[in-house]
Amino acid sequence: MATARKSNSDSSTSTSLLRRVREHDAGAWQRLVDLYGPLVFYWGRRSGLRPPDAADVMQDVFAAVHGAIGRFERDPHGGTFRGWLWTIARNKIHDHFRRAAGQAAAAGGTDAARRLDQVPESWDDESADPRDRGALSGLYRRALEFVRSEFEERTWQAFWRSVVEDEPAAEIAADLGISANAVRQYKSRVLRRLRQELGDLDG
């Protein structure tokens, strides 16, 4: 029975995380927060917020996401859920620094205003800062942990060895007793499911 359930998931018919969130699935919402919460917190810290303030901003961000998720539409020209989330996070970070700048101005300080100017317009996944790449790697690891149980062991091994360990498809195929084409199909299947989990696909 367990194998049959995994086989169904292997067909890549799993409903996307964002679709389930839009349908008010409480479990999906919690998974979204668990998946992206650490990244939003990192964005706050990276922008100069103290940990308590970054936690407050994270709560504000997800409150805004909850109210607007029904209006999110993935841009077919490359826009992603992560990019949309950064736009919301950036606005909330700006709100925080504006409030702090107003308070600081009354007290004669300028640090909050300076930090406000340093918050980037967009968040580039190809940033030269290794901390940014590390934060994104953490996001991918969490997503992989969430979807791991949906796949049969052979499918997962084909994906993992191909993508993570960068082994040749022919070598993987020989070890697993499948064709090289099957290795590529399994790899594509898991990657598609990963993109669904990250909100970068609609179905």
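This is a predicted model: local features need pLDDT of at least 70, side-chain atom pairs count only at pLDDT 80 or more; totals for chains, interfaces and linings use all residues.
## Overall fold

Let's start with the big picture. The protein has ten helices and zero strands, so its pattern along the sequence is written α-α-α-α-α-α-α-α-α-α. Of its 203 residues, 41% count as buried.

In soluble globular proteins, nonpolar side chains tend to be buried together. Here, the largest nonpolar core has 39 residues, and Leu 32 and Tyr 36 have the most contacts inside it. Several elements give two or more residues to this core, including helix 2 (17–22), helix 4 (51–68), helix 5 (81–107) and helix 10. The largest share, nine residues, comes from helix 3.

Setting aside neighbours within four places in sequence, Tyr 36 is in contact with Phe 62, Phe 81, Arg 82, Leu 85, Leu 139, Leu 198 and Gly 199. There is also a second, separate core of seven residues, among them Ala 158, Ala 173, Ala 182 and Val 183.

## A buried arginine

Now to Arg 193, which lies in helix 10 (residues 180–197). This arginine counts as buried because its relative accessibility is 2%, and the cut-off for buried is under 20%. Its side chain is joined to that of Glu 150 by a polar contact of 2.7 Å.

Methods
Residues are numbered from 1 along each chain as its sequence is written. Side-chain values use heavy atoms; hydrogens and water are left out. Helices (H or I, at least four residues) and strands (E, at least two) are DSSP runs, numbered from the N terminus. Buried means under 20% relative accessible area, exposed over 50%, partly exposed in between (1.4 Å probe, protein chains only). A polar contact is a pair of N or O atoms within 3.5 Å; within protein, one must be able to donate a hydrogen and the other to accept it, and residues adjacent in sequence count only if both atoms are side-chain atoms. A nonpolar core is a set of buried Ala, Val, Leu, Ile, Met, Phe, Trp, Tyr and Cys residues joined through side-chain atoms within 4.5 Å. Contact means heavy atoms within 4.5 Å.
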